[in-house]
There are 2 protein chains.
Amino acid sequence: MTSKFLNIDEEKQQRILNAALNEFAQKGYDHASTNAIVKLAGISKGLLFHYFNNKKELYLFLHKHFIDVLQNEFFNEERFAEPDVFERLKNIMILKSQMMKKYPEIFNFFISAYTETSSDIKNELDDSHHELMQSSYAKIFENIDTTMFKENIDMKRAIQIVFWTLEGYSNQVMEKVKHTNQSDNDFSAEFAEVDLYIQMLKTAFYQ
Amino acid sequence: MTSKFLNIDEEKQQRILNAALNEFAQKGYDHASTNAIVKLAGISKGLLFHYFNNKKELYLFLHKHFIDVLQNEFFNEERFAEPDVFERLKNIMILKSQMMKKYPEIFNFFISAYTETSSDIKNELDDSHHELMQSSYAKIFENIDTTMFKENIDMKRAIQIVFWTLEGYSNQVMEKVKHTNQSDNDFSAEFAEVDLYIQMLKTAFYQ
DNA sequence: TACCCAATTGACCAACCTGGTCAACTACAT
DNA sequence: ATGTAGTTGACCAGGTTGGTCAATTGGGTA
């Protein structure tokens, strides 16, 4: 029962959510400390456990909440409407990179939720995470222009490998950016290479 | 001073090293437990601290040791001799995947050493890890056949992006394999796609 | 056999941290 | 002045941590 939490004023909610997000993202579920969370949020221990019955309830609430945040911001992007599938893939990767830059803690949170093996929590995370992946994958194939492909090309397979290589590449870029320059936000330099790559693929796959 | 440790019989050394490797790989430095290590290794607490003065000394010894293991097995591969740079890149990625499959704990260990931020250990890890990366990167460009490239192509840049995309792709593959089928070892199916990719790149970049 | 010394044990330690509780206090509306 | 909802933080028992050290074992030597 989190109804008590939902009735307090927005600013305090945000403060608590962000504090918990940061702690869980950094340490994972098991090693995150509720003491650290209340300290960061600037509230007392008792109050946190007044809003949430226990640590697990807090975590699950967070998980659901930030899935929603991502869904709303990510999927309402016009970039998913681009008819050319390769261009669309490129756009999605750029979008993802921008989101990772904007909300690094959220991504860390989900990664740790996915990586963390030692806790009973994992089973309780409903399929929402998996669902998020599935629906993003489905969106890639939604209303694409298939007339351009050479007839002898296995389209799905081609798109899939391009998706994977691009995802891999963007991960490399993010990793690089994370450890070096933290100020820039557009990645235009990094993704210039991708443009070349995309053009190349088109000439290879399109008739 | 680890001289005591180096004088005991090989089998016991291995047992201790592997126990420590597993624990550190799984939990990272901070949360790894020396109790768990001695239990896993089948020795007493006192003995471990007879060989190593403290936890940190054990960890640093491990780090050095497994860097050596990787160096010896990885770099003595004839795959680095392949003259065609794209084929070489493919070979290296396959090699890396095979190594990750063969020694998952070692890779987890290094990843956790690189990721773990909260400890004073990180600073003490000499540049050996970074060095390993550098030398593997240098080996890619060693004695490659440059005559094939079109004149107007920025060769280094081209190789670099291919390297990154391939690395990204192989990471995706490993991630997939890790979470599904744990028995197979050759990845031939997964890397068939890469062959197509490599051929495509050659026609694009070579004259 | 008696002795020595190195290898090995594991009970023990103080320090610390954990999630969670609850009696008490505050602020504010009636 | 009274009631009530919001909020505090000292406190708890349980657990884990890295590290110590007196005691035991076992094999070699004389």
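Analyst: In chain A, helix H6 (residues 85–102) and helix H11 (residues 188–205) have axes that come within 10 Å and cross at roughly 160°. Axes are lines fitted to C-alpha atoms, for helices over the stretch in contact, with angles from 0 to 180 degrees between N-to-C directions. Helices are DSSP runs (H or I, at least four residues), numbered from the N terminus. This is a predicted model: local features need pLDDT of at least 70, side-chain atom pairs count only at pLDDT 80 or more, and totals for chains, interfaces and linings use all residues. Residues are numbered from 1 along each chain as its sequence is written, chains are lettered from A and ligands numbered from 1 in the order written, and side-chain values use heavy atoms, without hydrogens and water.

User: How are H6(A) and H11(A) oriented to each other?

Analyst: Their axes cross at roughly 160°. Angles over 145 degrees count as roughly antiparallel. H6(A) and H11(A) are therefore roughly antiparallel.

User: Which residues of H6(A) make the contact with H11(A)?

Analyst: Contact means heavy atoms within 4.5 Å. H11(A) contributes, among others, Phe191(A), Val194(A) and Phe205(A). From H6(A) come Phe86(A), Glu87(A), Lys90(A), Met93(A), Ile94(A) and Ser97(A).

User: How does H2(B) lie against H5(B), and at what angle?

Analyst: Helix H2 (residues 10–31) and helix H5 (residues 55–75) of chain B have axes 11 Å apart. Angles of 65 to 115 degrees count as roughly perpendicular. That makes H2(B) roughly perpendicular to H5(B). The angle is about 110°.

User: How many nonpolar residues are in the contact of H2(B) with H5(B)?

Analyst: Leu17(B) and Phe24(B) of H2(B) are among the contact residues, as are Leu58(B) and Phe61(B) of H5(B). Ala, Val, Leu, Ile, Met, Phe, Trp, Tyr, Cys and Pro count as nonpolar, Asp, Glu, Lys and Arg as charged, and the others, Gly among them, as polar. The contact has 3 charged, 2 polar and 10 nonpolar residues.

How values were computed. Helices (H or I, at least four residues) and strands (E, at least two) are DSSP runs, numbered from the N terminus. Angles under 35 degrees count as roughly parallel, over 145 as roughly antiparallel, 65 to 115 as roughly perpendicular and the rest as oblique.
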